[in-house]
Amino acid sequence: MALGGGTLKTWCDVKRDENGADIKGSEKIKVGYGMANQFVPLAWNNAEVTEGVFISREAKAGYYYTRLEFHHWDGSEYVISNELYRHKIGNSESQDIFGERVPLNELYVNLSGEAKVSGLQRSLFSYYRTNIANNLDDNSPLGVSIYANALSTLKALDVCFDSFVREFTLGKKRIIVPSSAIRYVNNPDTGQRCRYFDADDEVYEAMDTDDLESLQIKDNTVELRVEEHEAAINAFLGILSFQLGLSPGTLTFDKVEGLKTATEVISEKSKTYKTVKQHQSSVEEAVKKLVRNIIDVAILYGIEYEGESVESLAAGGYDIAIFFDDAIIQDRQTNINEGVLLVSNSLMSKKKFMTDKLGYTPEEADAELGQIAAESNITGATIDFSTLFPKGGS
């Protein structure tokens, strides 16, 4: 959310023998998670990003290595190509410099420079972004940080908080004492005499003066402006909540207010709840494509699932169901109570309740309902104990 998006990349990791041949049965599907600054889009349409470059960095033997992994289409063929660059480790900024291009086998022994795949219908990665308008570049498919339009507010909050802390630093206990109460001590390092007031000295001392005014020790401590700073910080937090799509009062600097419960968040028709749902819709599409990519890679490498090929399983069609456990944003108990009420009044089927409210897949719901029915038949059956304990038995 802070970086504006990310990527989910799918590939198959295959072990090879000493001759470089793939070992059958060693295939494992892997998923790579990339941050927004590790991906550069190359081509896109209104629906999705179709081509891009993945950037990965490693440090080894005194060098920063940068690998560029290109994913692009050449007609109907999906092409994955790799390039490796090396730059000597120097200052802290050197890791962001590509440097000179070097052979791949300098760091990756079994990585080929280019691989072409036929038969794919979609790119082997999915890009997800924040569900807010990119007003920094309206021609870019990339998302923007949720803080992109709130930087000035964050800076103002930083100034307010620094001032709040400085208030306690400058507001320490300060007293005015007569010059005759100041002692002298020799500095052992410089040999100079230094003056200081011993605040821990409780012994009476005689001062060479008869002026009562000059003998007084006065408190000159300033009053701390705690309430004014809390009000200022809360004002900027309210603006920040609005800019991030959160409900007013979501972010507060008040120990009395406390946290809102999930029921309160939803019952207020919370802007926070709506914002989370909007962002979830973007993540949901990316996860659905990730599942499809996993199935495509499994078919490509002939991977089996429970003794049957994934290709034959997918040929019958499949559905992808995603259930978000919204934790604090959504009150799970309230949803369950609502579903129970609808089912008991015949306004919702048990299967729909289990899929929509409890997160079951249709297959899991059918299996669970079948198990419940079986247990109900056993519970309600009449048991003949004479068959269980024959005459003379125990």
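Helices here are DSSP runs of H or I with at least four residues, strands are DSSP runs of E with at least two, and both are numbered from the N terminus. This is a predicted model, in which local features need pLDDT of at least 70 and side-chain atom pairs count only at pLDDT 80 or more, while totals for chains, interfaces and linings use all residues. Residues are numbered from 1 along each chain as its sequence is written, and side-chain values use heavy atoms, with hydrogens and water left out.

**View 1. The largest pocket and its lining.** Let's start with the pocket, whose volume is about 1000 Å³. Among its 31 lining residues, Trp11, Cys12, Arg67, Glu69 and Leu111 are the closest to its centre. Two or more lining residues come from each of strand 1 (5-13), strand 2 (28-35), strand 4 (49-60), strand 5 (63-74), strand 6 (77-88), strand 8 (114-117) and helix 5 (271-300). Strand 1 gives the largest share, with six residues. Sorted by class, the lining holds 15 nonpolar, 10 polar and six charged residues. (A pocket is an open set of points on a 1 Å grid over the protein atoms alone, where a 1.4 Å probe fits, with protein on both sides within 12 Å along at least five of seven lines; lining residues have an atom within 4 Å of a point. Points are joined across faces, edges and corners, and the volume is the space filled by probe spheres set on them. Nonpolar covers Ala, Val, Leu, Ile, Met, Phe, Trp, Tyr, Cys and Pro; charged covers Asp, Glu, Lys and Arg; the others, Gly among them, are polar.)

View 2. Cysteine 12 counts as buried at 11% relative accessibility, and so does cysteine 160 at 14%. (Buried means under 20% relative accessible area, exposed over 50%, and partly exposed in between, with a 1.4 Å probe and protein chains only.) If you are looking for disulfides, a search of the whole structure finds zero, a disulfide being a pair of cysteine sulfur atoms within 2.5 Å.

**View 3. Helix 1 and its two faces.** Helix 1 (residues 151-170) has 20 residues and reaches 28 Å between its first and last C-alpha, close to the 28 Å expected. (The expected span is 1.5 Å times one less than the number of residues.) Its buried residues are Thr153, Ala156, Leu157, Cys160, Ser163, Phe164 and Glu167. They fall within an arc of 120° seen down the axis, so they line one face of helix 1; the arc is that of the directions from the helix axis to the C-beta atoms. On the face turned away sit the exposed residues Lys155, Val159 and Leu170.

View 4. His229, Ile233, Leu237, Leu240 and Ser241 are its buried residues. Their arc around the axis is only 110°, which puts them on the same side of helix 3. Exposed Glu227, Glu228 and Phe242 are carried on the face turned away from that side.

View 5. Aspartate 296 has its place in helix 5 and is buried, with a relative accessible area of 16%.

**View 6. Two loop residues with positive phi.** Alanine 61 is not a glycine, yet its phi is positive at about 55°. This residue is found in the loop between strand 4 and strand 5 and is exposed, at 67% relative accessible area. Glutamate 306, also not a glycine, has a positive phi of about 55°. Glutamate 306 lies in the loop between strand 14 (304-305) and strand 15 (308-309), exposed at 72%.
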